Amino acid sequence: MILDQDGNISIITQEKTTIVELVKNVQDSYLKIKNDNIIVNLSSLNKLSLQDILEFSEVSFTHKKSKHYFVIVTDKEDMDKNNDE
């Protein structure tokens, strides 16, 4: 996981780990970034499924409750054709 911070924005980039490991890393680092808006960049992945995106549900829900943005960036999955989660 690569973490870049710019003001109140934390940009997390997927490196060479699985989605499950990335989510675990985000959760482990959460205290450091909990007051930031979070962008998770998954554009470097070759394949991505809806299930992969849903792995972020718990941390996303927690973060949104604190009135901060949690954004996932990818060009591998058309989120418009999937459910709203």
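## Confidence of the model

Within the chain, confidence is lowest in helix α3 (residues 50-54), where the mean is 89, and highest in strand β3 (residues 37-41), at 96. These values are pLDDT, the predictor's confidence in each residue, on a scale from 0 to 100. Helices (H or I, at least four residues) and strands (E, at least two) are DSSP runs, numbered from the N terminus. The chain has a mean pLDDT of 87, and 89% of its residues reach 70 or more. Where pLDDT is low, the predicted coordinates should not be read in detail.

This is a predicted model, in which local features need pLDDT of at least 70 and side-chain atom pairs count only at pLDDT 80 or more, while totals for chains, interfaces and linings use all residues. Residues are numbered from 1 along each chain as its sequence is written, and side-chain values use heavy atoms, with hydrogens and water left out.

## The salt bridge

A salt bridge is a side-chain nitrogen of Lys or Arg within 4 Å of a carboxyl oxygen of Asp or Glu. By this rule the count is 1. It joins the side chains of D28 and K24, at 3.0 Å from N to O. Both residues belong to helix α1 (residues 19-28); because they are 4 residues apart there, about one helical turn separates them.

D28 is exposed, at 52% relative accessible area, and K24 is partly exposed, at 47%. Here buried means under 20% relative accessible area, exposed over 50%, and partly exposed in between (1.4 Å probe, protein chains only).

## The aromatic pair

Rings of Phe, Tyr and Trp (its six-membered ring) pair if their centres lie within 6.5 Å; planes under 30 degrees apart count as stacked, over 60 as edge-to-face and the rest as tilted. The whole structure holds 1 aromatic pair. F56 and F70 form this tilted pair, with 6.2 Å between centres and 45° between the planes. The pair links distant parts of the chain, since F56 lies in the loop between α3 and α4 and F70 in strand β4, 14 residues apart.

F56 is buried, with a relative accessible area of 1%. F70 also counts as buried, at 9%.

## A buried serine

S60 sits in helix α4 (residues 57-65). With a relative accessibility of 11%, S60 is buried. Between S60 and I38 there are 22 residues of separation in sequence, and 9.1 Å in space from C-alpha to C-alpha.
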